[in-house]
Amino acid sequence: MQIQDVDLRMLRIFVAIVECGGLSAAESRLNIGRSTISSHLSDLEVRLGITLCKRGRSGFEVTEAGRVTYQASLELLQQCEAFAATVASSKNELSGRVTIAMIDTLVNDPRCRVSQVIAGLKSKSNNLQFDINVCEAREVETSVVNGRSLVGIGVSRHPLRGLDYFPLHHETNYLYCGKGHPLFDCPLRKSTRCYNKRR
């Protein structure tokens, strides 16, 4: 089997399906409809000649062949990105794919200047590709630790070993209770932090 551009695209879709835990869950990450995702997955299975996933009324499950293909896909995609980065470095150009994991509440936060940073980097090189994965808070750090994302932006309450944390801004949260509650006249505030960068 000779790998072509269309194969790499289908493998990236398959990786997203596995990491999201199903076709429906992968829609938001891939920004394409479930029927299109299903079609790409079926095409990949035909191309490889194996069944990658079981999907239906019983739920979604990755087959043993699918798990092997998932690991091989991660290695292949990483090698492709490393190749592009190596070639670009010989020309002193910025190149590669930058994957950012974020919690959904920060996407539209005016204090989160991710779009401006991406625009600034894109102005320096057209060979940079950016992927933003919207995750639940607990998944952001895991995504960075596992190498699926280069950086993560979210809320951290228990820092994980192996990650470097940098505060972006502070957010004040309020705890509310009804009149007559023992804490009704006691205002409480809790500050949280946004993070992080992989070593």
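Reply: Let's start with one word: a residue is "buried" if its relative accessible area is under 20%, "exposed" if over 50%, and "partly exposed" in between (1.4 Å probe, protein chains only). This is a predicted model, where local features need pLDDT of at least 70, side-chain atom pairs need 80 or more, and totals for chains, interfaces and linings use all residues. Numbering runs from 1 along each chain as its sequence is written, and side-chain values use heavy atoms, without hydrogens or water.

A quick look around before we zoom in. The chain has 6 helices and 10 strands (DSSP runs numbered from the N terminus: H or I of at least four residues for helices, E of at least two for strands). Its C-alpha trace spans about 70 × 50 × 30 Å along the principal axes. Of the 199 residues in the chain, 31% are buried.

The part I'd pick is helix α3, residues 34-48. It has 15 residues, and from first C-alpha to last it reaches 21 Å, close to the expected 21 Å (1.5 Å times one less than the number of residues).

Now, which residues of α3 are buried? They are I37, H40, L41, L44 and E45. These five sit on the same side of α3, because they cover an arc of only 140 degrees around the axis, judged by the directions from the helix axis to the C-beta atoms. There's a handy rule behind patterns like this: an α-helix has 3.6 residues a turn, so residues three or four places apart point the same way. Turn to the other side of α3 and you'll find S35 and V46, which are exposed.

What do the buried residues of α3 pack against? Their partners are α1, α2 (23-30) and β1 (53-54). Once you run off the end of α3, you come to G49, with a positive phi near 75 degrees.

Let's follow the α1 partner. Helix α1 covers residues 5-20, and the two helices pack at an angle of about 115 degrees, with axes 9 Å apart (axes are lines fitted to C-alpha atoms over the stretch in contact, and angles run from 0 to 180 degrees between N-to-C directions). From α1 come D7, R9, M10, L11, I13, F14 and I17, and they meet I37, H40, L41, D43, L44 and R47 of α3; contact here means heavy atoms within 4.5 Å.

Over in α1, the buried residues are D7, L8, M10, L11, I13, F14, V15, A16 and I17.

L76 is in α4 (residues 64-90), and apart from neighbours within four places in sequence, L76 touches I3, L8 and L11. At 22% relative accessibility, L76 counts as partly exposed.
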